[in-house]
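Please look over the model below before reading on. The report then takes the overall fold, the pockets and a handful of single residues in turn.

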Amino acid sequence: MTTTPRERARERTLAEITRIGREHLATHGAAALSLRAVARDLGVVSSAVYRYVASRDDLLTLLVVDAYDELGAEVDAALEGLPADDHRGRLHALARAVRGWAVRETARYALLFGSPVPGYHAPAERTTGPGTRVVVALVGIVEDAYRAGALTPAESPVGPVLSADLDRIRADMGLTVPGPVLANGVAAWAALFGAVNFEVFGQYGPDTFTDPAMLFEHQLTVLDRIVGLG
């Protein structure tokens, strides 16, 4: 798609604002982000930044979408080229990609999955799509495994209220997995991010596990059993 010089200049400036915002996020934390400080490091007056980012909340949204996009891209790259019928391998690749990005980008991971930033509410119309890329990929693995007859999920009947929710999700996503199997996929999603959160946010304590990566590999076998691939 052809762009004008003005559009390209705007894209470069937004990319630079995003880069500086990432640095400030890592150094000062999300709650302390300041457009004035970003403008200073960009080498312009604060009013110039407002032409690109309207407020601190807009800057936070820019960083949230940027982080979700990068995490989603890493998951996509990890899955690329893997055989479609290697369901366990695909699940493990997805999980390792999430952990790898989280350990490397702890401040950005905390922005997405840590404590909410006081006073900030992420706009759903801008963040829901990027924010659901990983779970959509995970559920896609479960769906493919189910269609291939590769799942032996544990019996986990669900009540009518949860069943209705699961039916709505199945319809929205065009899934064929039964509700209980989808519920297991959701449990695997929660377990994956719970394990990553415990590691990234130091919830195990400093001296509990010598090799967190080895613990995570064990947790992958638990994910297999939750989904029904064990």
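Helices (H or I, at least four residues) and strands (E, at least two) are DSSP runs, numbered from the N terminus. This is a predicted model, in which local features need pLDDT of at least 70 and side-chain atom pairs count only at pLDDT 80 or more, while totals for chains, interfaces and linings use all residues. Residues are numbered from 1 along each chain as its sequence is written, and side-chain values use heavy atoms, with hydrogens and water left out.

## Overall fold

The protein has eleven helices and zero strands. Read along the sequence, the pattern is α-α-α-α-α-α-α-α-α-α-α. The C-alpha trace spans about 60 × 50 × 40 Å along its principal axes.

Buried means under 20% relative accessible area, exposed over 50%, and partly exposed in between (1.4 Å probe, protein chains only). Of the 230 residues, 37% count as buried. Contact means heavy atoms within 4.5 Å. Among contacts between residues at least 6 apart in sequence, 73% join residues at least 24 apart.

The expected span of a helix is 1.5 Å times one less than its number of residues. The 22 residues of H10 should therefore span 32 Å, and the end C-alpha atoms are 31 Å apart, which agrees. Just after H10, Gly-202 takes a positive phi of about 70°.

## Two pockets

Rolling a probe the size of a water molecule over the atoms shows where empty space is left. The search uses a 1 Å grid over the protein atoms alone and a 1.4 Å probe; a pocket is an open set of points with protein on both sides within 12 Å along at least five of seven lines, and lining residues have an atom within 4 Å of a point. Grid points are joined across faces, edges and corners, and a volume is the space filled by probe spheres set on the points.

The largest pocket has a volume of about 180 Å³. Its lining includes Val-64, Tyr-68, Leu-111, Leu-112 and Tyr-120. Helix H4 (56-79) and helix H6 (106-113) each supply at least two lining residues. For the classes, Ala, Val, Leu, Ile, Met, Phe, Trp, Tyr, Cys and Pro count as nonpolar, Asp, Glu, Lys and Arg as charged, and the others, Gly among them, as polar. On that basis the largest pocket is lined by eight nonpolar, three polar and no charged residues.

The second largest pocket has a volume of about 160 Å³. Thr-132, Val-135, Val-136, Val-139, Ile-169, Met-173, Leu-182, Val-186 and Trp-189 line it. Helices H8 (133-147), H9 (160-173) and H10 (179-200) each supply at least two of the lining residues. The classes here are eight nonpolar, one polar and no charged.

Beyond four places in sequence, Val-139 is in contact with Met-173, Leu-175 and Leu-182.

## Buried residues

Which side chain does the side chain of Arg-99 meet in a polar contact? The partner is the side chain of Glu-199, at 2.8 Å. A polar contact is a pair of N or O atoms within 3.5 Å; within protein, one must be able to donate a hydrogen and the other to accept it, and residues adjacent in sequence count only if both atoms are side-chain atoms. Arg-99 sits in helix H5 (residues 87-104). Leaving out residues up to four places away in sequence, Arg-99 also touches Val-196, Pro-212, Ala-213 and Phe-216, among others.

Asp-224 is in helix H11 (residues 212-227). Beyond four places in sequence, its contacts are Arg-88, Leu-91, His-92, Leu-229 and Gly-230.

Ile-20 belongs to helix H1 (residues 5-28).

Val-53 is in the loop between helix H3 (46-49) and H4. With neighbours within four places set aside, Val-53 is in contact with Leu-14, Ile-17, Leu-35, Asp-58, Leu-59 and Leu-62.

| Residue | Relative accessibility |
|---|---|
| Arg-99 | 18%, buried |
| Asp-224 | 4%, buried |
| Ile-20 | 1%, buried |
| Val-53 | 1%, buried |
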